[in-house]
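Welcome! Take a moment to look at the fold, and then let us walk through it together, beginning with a single residue in a loop.

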Amino acid sequence: MRLTLIALSISLASIVTMAPSVAAVNIWQSDVIGVNQSQLTPQHWLSQVTDKTLMSAAQIAAFNKQLIAENEHIVDPLDFASQLTREQLKAHILSISAVPKSPRFYPNGSPLTAQHFAKYQANLNLDALADNNQVSYGMAVKRSVLRTFPTWDRVLNSGLDKDLDRFQESGLFPGDTVAILHESADKQWLLVRAYNYLAWAPKADIAISNKSTLREFKNNDDFLLVTAAKVNTAYVPDDSSTSQVQLDMGVRLPLVDSQQVPNLLHGQNTYASYVVQLPTRDQQGQLVLKPALISRSSDVNLGYLPYNQQHLVKQGFKFLGERYGWGHDYNGRDCTGFVGEIYKTFGLLMPRNSGQQGKGEYGINYRFDNTNSEQQKLAIVSKMQVGDLIYIPGHVMMYLGEQDGQPYVIHDVKGLGYNKPDGSFYSSSLNGVSVTPLLPLRLSQTKSYLDRIYNIKRIR
């Protein structure tokens with residue numbers, strides 16, 4: 001996995017000018033530099049990895065416990081304070097729902113004015129804050145969203161890139177527990193604290209329950225884990241709450257006790273399916289756990305996957321080609337959602353944003369600043385291990401392995417840029433989960449990904 005001494009001694013510009021030999025391996029029409037079709041399969045990279053366990057279940061549990069204790073961005077929602085003062089709750093609301101300093105625009109190009117933001121601020125329902133405010137608890141019953149303000153309005157930055165809704169923050173998934181801090185004035189949104197984020201979620205997607213029920217669901221050791229990019233529950237003709245519910249990678253649902261599984265469920269024989277406890281919401285907004293079927297042919301696992309390099313590669317490739325979704329938009333995910341969902345299949349928790357991950361002290365970190373030379377960075381890059389996370393401002397990539405002295409990554413990425421052999425800068429889009437070489441990638445003609453790497457993190 002080490003770069004050759006030649007690679008260590010040449011400049012990044014020289015690496016890019018090696019494009020003729022790189023281009024020679026392209027066997028189909030593509031503007032993605034240095035990638036051939038065989039590299040777009042997990043099998044290509046699995047020969048470089050082992051199935052050696054990197055962390056045991058006990059070590060992962062200890063890792064998560066320490067992360068919750070020491071990292072401000074990770075919490076157990078069920079341990080969130082049961083009451084908040086007016087000042088505390090207002091601070092939480094304004095920490096996510098602050099008017100941005102940069103201009104914002106609607107998709108039609110019209111700018112947001114102070115009057116527009118006043119409407120969103122009014123829906124924050126600050127007038128309803130009491131001296132002491134009770135916190136309740138609940139669970140997501142479907143894949144949902146976390147928003148900056150309690151609104152579905154899409155808002156863009158000055159570039160008017162319609163893919164980047166600046167009010168979109170993150171996502172929630174079935175079974176995610178949340179602390180419920182506040183309700184919007186229109187009673188359509190709840191301010192919730194999930195394990196790695198605080199923002200507004202649609203009220204219709206959250207079911208309220210007591211902490212003991214939620215904790216039992218969350219901590220049940222007999223569970224089914226979704227290991228595919230997406231899996232759906234079986235079709236149910238007369239119950240939309242359990243029919244074809246989408247479950248994304250990392251979702252874990254308790255299994256129904258085998259002694260309580262009937263021969264028939266919703267008219268279907270259960271013998272060829274797993275029967276799980278699916279969270280649903282009744283008309284009063286309360287949590288109701290219902291049995292649901294997931295086919296045994298689905299890409300699922302009984303319990304967490306062993307944390308090893310083989311599974312890191314396999315899990316990453318299950319997202320290959322999925323459309324980039326800023327903040328889990330477009331029913332997809334972004335760069336941090338991509339790595340976060342992969343690591344969830346091992347039971348490992350992650351902060352939500354790339355900066356929170358990259359700057360976090362957890363794991364083994366190789367940090368860089370402006371004093372580090374290109375050669376110093378390349379020396380660390382040459383020692384990367386499969387699954388290492390590479391951080392540049394606003395982005396994270398996962399290391400796959402090397403080929404011909406070149407390090408390759410898999411990442412959920414929007415842009416594509418590199419210098420062509422004649423020195424001109426090529427700019428295009430990937431806009432999805434992609435395999436690329438690391439070193440040729442550039443943000444501009446003069447600024448490479450390598451220049452911008454500030455941390456390489458190993459989860460151990």
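His 266 is partly exposed, because its relative accessibility is 33%; buried means under 20% relative accessible area, exposed over 50%, and partly exposed in between (1.4 Å probe, protein chains only). You can find His 266 in the loop between strand S14 (264–265) and strand S15 (268–269). Its backbone deserves a look too: His 266 has a positive phi of about 55°, although it is not a glycine. Most residues other than glycine have a negative phi.

Before going on, a word on what you are looking at: this is a predicted model, in which local features need pLDDT of at least 70 and side-chain atom pairs count only at pLDDT 80 or more, while totals for chains, interfaces and linings use all residues. Residues are numbered from 1 along each chain as its sequence is written, and side-chain values use heavy atoms, with hydrogens and water left out.

Asn 431 also has a positive phi of about 55° without being a glycine. Asn 431 sits in strand S23 (residues 425–437), and Asn 431 is buried, with a relative accessible area of 15%.

Now step back to the whole protein. It has 13 helices and 24 strands; helices (H or I, at least four residues) and strands (E, at least two) are DSSP runs, numbered from the N terminus. Of its 460 residues, 53% count as buried. A compact globule with 460 residues would have a radius of gyration near 23 Å, and the protein agrees with its 23 Å; this radius is taken over C-alpha atoms, and the globule rule is 2.2 Å times the number of residues to the power 0.38.

Which residues of helix H6 (residues 86–96) are buried? They are Leu 89, Ile 93 and Ile 96. Seen down the axis of H6, these buried residues fall within an arc of 75°, so they line one face of the helix; the arc is that of the directions from the helix axis to the C-beta atoms. On the other side of H6, Glu 87 and Ser 95 are exposed.

Finally, find an open sheet of 3 strands, in the order S13-S10-S18, with antiparallel pairing; two strands pair if DSSP finds at least two bridges between them. Strand S13 (252–254) and strand S18 (300–302) stand at the edges with a single partner strand each, so one side of each has no neighbour in the sheet. Strand S10 (residues 223–226) is joined to S18 by 3 bridges, and Leu 225 has Asn 301 in S18 as its bridge partner.
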